[in-house]
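Dear colleague,

I am passing on the structure we spoke about, together with some notes on what was found in it. Please have it open while you read.

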Amino acid sequence: MRQFPLETHDMAPGRVVEWRLRSTAAAAADTDGTGDAAGRRASFNQDKHFTVAEESRGADDPVASWIAVTFEVAGTLDERALTRALLAFVRRHEVLRCEFRRLAGELACEPIDAAELALDAVPVAAFDSSEALRGFLVDRFKRSIDTLSWPLFTMGAVLREDSSTVYLAFDHIVCDGLSMPIVVHEVQSAYEALRRGEDIDLPAAPSYLDFAEEQRRRYLSIDADDARLGYWKAFMARGGGEFFPRFPLELGVEPDRMYPIVNEASPLLDAAEAEVFEKACRAVEGKPFMGVLAAVAVCLREAGGPGVYRGFMPVSERGRAGWANSVGWFVNTMPIEFDASPGRDFAQVMAAVRAGFGEMMDHIDVPFVRAWQLLAPVEFAARSWPYPVNFFSYIDIRKCPGAERHEDWRPTSHVWSARANGACSWFQRDADGLHMNSIYVDTPAARRTMADFQEALRQTVREIARHGSLRRPVALAAPRRPLGAPLDTAPYARRS
């Protein structure tokens, strides 16, 4: 399972059906007005996300994004079984049943009772070309996913005689990247069980709303003098007082301006190379994600960035209290810093990454949004990060629920954002190797910078895999593609 632009998904055409979610008690609630006014409190991530949507809508400057997943169902689709599987999935995860509203300044989540939900299958259209189908889905997700309107996701399938492609697209407010493998695993497992005439049997999945409530209870009352913010303050002090670590390469952006995006994906290592890369990392007492981060730091430095890497890294909060099977936004974004200066070999850079990561994890408890609000209130009031920010994300999909069935289910994930003012890169390891997906501003400078960076990174991780070292300097002077030409995305074109 890997992440790449939906526009490059080679999905076979067919007949599209969607499942529309509704509350059977909606009419009564609208008329008597006696619903639970208090609701549940949203998490800090959700509150900030919703606030940005509110403010951008009021300024007629909408900020939009979605996270989507697709997967394959072999044979003729049993629509009744899939309807029951999708409904069971929505009922199981409380965050998907929530309506968000602003109450007394706080964002409240009001979950609809699971028993009150119903799904209606609605024929949508039929397509005779992959291009037309992709265009429809991209437009559909953009139009249907609205942070300020319930439901906050859309579900459908492309039906053919011998197979179907199921799709679900979500607003970020109800999920994160690691939720996507959970979606695939649960819907497929439920569908297959129902086809066999069996009951759905899945492990416990505690509610994200409980996580959000605990987070609020622990951190809403802290102030800027709280000792738990010491790690953040030290990081800021070493960066000239800035809360956000700057992306160190030229992207050609102007201050206070947002740009259309480029969404690109490319392979870095195949499966065999990724195995050798992991062994090289283990040989110097590191993990594969540390090796990729070390390679990123060296490539940025060789391109003119500083010797000390400073960046943001999203960290999953699922493992600390049994949330492994829950859908929600279980992500804390943390700053990380380490020395990747010239002259350091791979073992030395890896040791620095390991130490920097360990220091970061020792201070993981304070939520990113709360630290942002307390330590950078001026930037917090804005609707976006203030300038291009250095950002690194890594997921090993092989460790996610259902990974052993991915060869059969062929899942893919896709992210989209309307605009940006910088660059973000996500790295995924799956059974087929190591892959990279980047979203960045659509400027000539950014296209040149990111094309050169991606090529240098590919050379660097392959050098580590082949020789276990960084002994060969990496030059960002690879032949450049013509501006606007896409990367080689052939490995990401999966025919259904």
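Predicted model: local features only at pLDDT ≥ 70, side-chain atom pairs only at ≥ 80, totals over all residues.

I begin with an open sheet of four strands, whose order is β10-β16-β15-β13 and whose pairing is mixed. Its edges are formed by β10, residues 261-270, and β13, residues 392-396, each of which pairs on one side only. From one strand to the next the twist averages 15 degrees. Strand β13 runs parallel to β15, residues 423-430, and five bridges join the two; within this pairing, Ile 395 stands opposite Gln 428 of β15. Two helices pack on the sheet. Helix α9, residues 288-302, touches β13, β15 and β16 (433-441), and its direction makes about 150 degrees with that of β13. Helix α14, residues 444-467, touches β10, β15 and β16, and its direction makes about 15 degrees with that of β10.

Next come the aromatic residues, for which the count is 32 aromatic pairs. In one of these, the ring centres of Trp 232 and Phe 368 are 6.0 Å apart with the planes at 40 degrees, so the pair is classed as tilted. This pair links distant parts of the chain, since Trp 232 belongs to helix α7 (residues 230-238) and Phe 368 to helix α11 (residues 368-375), 136 residues apart. Trp 232 is buried, at a relative accessible area of 1%, and Phe 368 is buried as well, at 6%. Phe 368 also forms a tilted pair with Phe 243, at 5.9 Å centre to centre and with 35 degrees between the planes. Because Phe 243 lies in the loop between α7 and β10 while Phe 368 is in helix α11, this pair ties together parts that are 125 residues apart in sequence. Phe 243 counts as buried, with 3% relative accessibility.

These three residues belong to one aromatic cluster, whose members also include Phe 380, Tyr 387 and Trp 426. The charged end of Lys 48 sits over the ring of Phe 380, 4.2 Å from its centre, and Arg 246 lies over the face of Tyr 387, at 3.7 Å from the ring centre.

Which residues of β9 point one way, and which the other way? Ser 163, Thr 165, Tyr 167 and Ala 169 point one way, whereas Ser 164, Val 166, Leu 168 and Phe 170 point the other way. In a regular strand, side chains alternate between the two faces of the sheet. Strand β9, residues 163-170, is mostly covered, with eight of its eight residues buried. It pairs in the antiparallel sense with β4 (residues 65-74) over eight bridges, where Ala 74 stands opposite Ser 163. Strand β8 (residues 153-159) also pairs with β9 in the antiparallel sense, over seven bridges, and there Thr 154 has Ala 169 as its bridge partner. A hairpin of three residues joins β8 to β9.

On the cysteines, a search of the whole structure finds zero disulfides. The sulfur of Cys 299 is too far from any other for a bond, because the closest cysteine sulfur, in Cys 281, is 14 Å away. For Cys 400 the closest cysteine sulfur is that of Cys 175, which at 14 Å is likewise too far for a bond. Both Cys 299, at 1% relative accessibility, and Cys 400, at 10%, count as buried.

Finally, some backbone details deserve a look. Most residues other than glycine have a negative phi, and most peptide bonds are trans. A cis peptide bond, with omega about 0 degrees, joins Trp 150 and Pro 151, and Pro 151 is found in the loop between α4 (130-144) and β8. Ala 104 has a positive phi, near 50 degrees; this residue is placed in the loop between β5 (98-103) and β6 (106-111) and is exposed, with a relative accessible area of 86%. Arg 410 also has a positive phi near 50 degrees; Arg 410 lies in the loop between α13 (406-409) and β14 (412-417) and counts as partly exposed, at 31% relative accessibility.

With best wishes

Notes
Residues numbered from 1 in each chain as written. Heavy atoms only, no water. Pairing = 2+ DSSP bridges. Axes fitted to C-alpha atoms, helices over the stretch in contact; angles between N-to-C directions. Contact = heavy atoms within 4.5 Å. Phe/Tyr/Trp six-rings, centres within 6.5 Å; stacked < 30°, edge-to-face > 60°. Buried < 20%, exposed > 50% of the residue type's maximum accessible area, 1.4 Å probe, protein only. Lys NZ or Arg CZ within 6 Å of the ring centre and 35° of its normal. Disulfide = S-S within 2.5 Å.
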